[in-house]
Amino acid sequence: MQKRTKKIRLALSVVFIFLLGTAAWYLWPYKPALSAVQAMQGNNTIKVTTDSYGITIEPAYEPIQQIGIVFYPSAKVEPESYAPLARDFATLGYRTIIARMPLNLAQLGENRANLLMNRFPDQPFVIGGHSMGGTFAARYTASKPSNVKGLFFLGAYTDQPQTLPVLSILASHDQVLDQDTYNRYRSNLPKTTQTLTVEGGNHAQFGDYGPQKGDGQATITPEEQRTQVVQAVVKWIGNIGQSKVQP
């Protein structure tokens, strides 16, 4: 009886350790780097607004660009990690909203864009996402929301067929994105999809949260990678038919 009790206790201990490890994996996200924390500060040209549903980084002046941007973070990455990216967009006149996801998992907040975009009912948006954030942004756009004009991916794929204009940005040293999975779902992208590979970039540098386990070593700086991303996204939005309006 005593031996059986010991076995039960051992089994329970193993289960407890497994559950604790699983919880840690989900609940301990990648934290924003110092540069990302600094990018969260507003000034006389950039306005930063935060709440429990998202982070809005936008110009503190008028006019702003007609089309806004909603962004879905990668799984287990805190949304502030994308503040430098959003700030770069805002500097060019774009209202950019980074979604906060439950437990930092986009799969738990696939429709978060609804709430965020409803705050600006007269503004059209494009939606972007990094890694799994891109996958679930694509699941959202597959429902064909009327005020979404395009979808862009940063190191991500879509498992749903898309009809909106799409921009797919990859990085040559990204070893987190599963290339087999990306290629398997490539047929879900429309034939008009624009693509870009950032040479020397990696997966983690699509955000600003430091190195990521399993990723390749980047040979360009985070700033260089972000500059290429911003330039490509802005050009792509312009091709959609972007113009300036008074908000």
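**Aromatic pairs and a strand hairpin**

Six aromatic pairs are counted in this predicted model, where rings of Phe, Tyr and Trp (its six-membered ring) pair if their centres lie within 6.5 Å, and where planes under 30 degrees apart count as stacked, over 60 as edge-to-face and the rest as tilted. The rings of Tyr30 and Tyr209 have centres 5.2 Å apart and planes at 45°, so this pair is tilted. Tyr30 lies in the loop between α1 (2–27) and α2 (34–39), while Tyr209 lies in the loop between β9 (194–198) and α7 (222–240), so that the pair links distant parts of the chain, 179 residues apart; helices (H or I, at least four residues) and strands (E, at least two) are DSSP runs, numbered from the N terminus. Tyr30 is partly exposed, with a relative accessible area of 22%, whereas Tyr209 is buried at 6% (buried means under 20% relative accessible area, exposed over 50% and partly exposed in between, with a 1.4 Å probe and protein chains only).

The rings of Phe120 and Phe125, with centres 6.5 Å apart and planes at 50°, also form a tilted pair, and Phe125 is buried, at 0% relative accessibility.

Strands β1 (residues 46–50) and β2 (residues 54–59) run antiparallel and are joined by five bridges, two strands being paired if DSSP finds at least two bridges between them. The two strands form a hairpin with three residues between them, and Thr49 stands opposite Thr56 in β2.

Residues are numbered from 1 along each chain as its sequence is written. In this predicted model, local features need pLDDT of at least 70, side-chain atom pairs count only at pLDDT 80 or more, and totals for chains, interfaces and linings use all residues, while side-chain values use heavy atoms, with hydrogens and water left out.
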